[in-house]
Amino acid sequence: GGAIEMEISKYLRDHSRSICGKQQLLIAAVARALEVIPRQLCDNAGFDATDILNRLRQKHYQGGIWYGVDINNEDIADNYLAFVWEPAIVKINALTAAIEAACMILCVDETIKNPKSSNEQDKQPVRGMGRGRGRPR
């Protein structure tokens, strides 16, 4: 599993290198986040996730778009030939929901402000309690 996530990650990494600014960092972060799926598959199976992910990245950069984690042999394999298929509509909906949730968290369109007080007393500077630590003068 994880072939689709690795291929999208590769595409996003390549795209992020072609642009500059904050957008490059955001796109690279999404690419890195997509690699969590194959990493978690490796961790759950007890494999060395770093080794498997490095081999997956290498295979995807060589054009092996269907390569993912092979749980049975502790290796990578062509998921298409191994009949490991995922419904596209499920994958599209999951990725769309995840990106929308991340956008909502990062949204900075609204700034929360304190309502202005109408009392003149509230506009006076606050005086200290004394010599510090709440001790009277």
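Leaving aside residues up to four places away in sequence, Glu 5 is in touch with Leu 34, Ile 37, Pro 38 and Lys 91. Keep in mind that this is a predicted model.

**Glu 5**
- You'll find Glu 5 in helix H1, which covers residues 3–16.
- Glu 5 counts as buried because its relative accessibility is 4%, and the cut-off for buried is under 20%.

**Glu 35**
- Glu 35 sits in the loop that links helix H2 (22–34) to helix H3 (36–45).
- With a relative accessible area of 5%, Glu 35 is buried too.
- Its side chain makes a polar contact with the side chain of Arg 57, at 2.7 Å.
- Arg 57 also turns up among the residues that Glu 35 touches, alongside Met 6, Ser 9, Arg 13 and Leu 53; again, residues up to four places away in sequence aren't counted.

- Tyr 80 comes out at 45% relative accessibility, so it counts as partly exposed: exposed would take over 50%, and buried under 20%.

Terms used:
Residues numbered from 1 in each chain as written. Predicted model: local features only at pLDDT ≥ 70, side-chain atom pairs only at ≥ 80, totals over all residues. Heavy atoms only, no water. Helix = DSSP H or I, 4+ residues; strand = E, 2+ residues; numbered from the N terminus. Buried < 20%, exposed > 50% of the residue type's maximum accessible area, 1.4 Å probe, protein only. Polar contact = N/O pair within 3.5 Å; in protein donor to acceptor, adjacent residues only side chain to side chain. Contact = heavy atoms within 4.5 Å.
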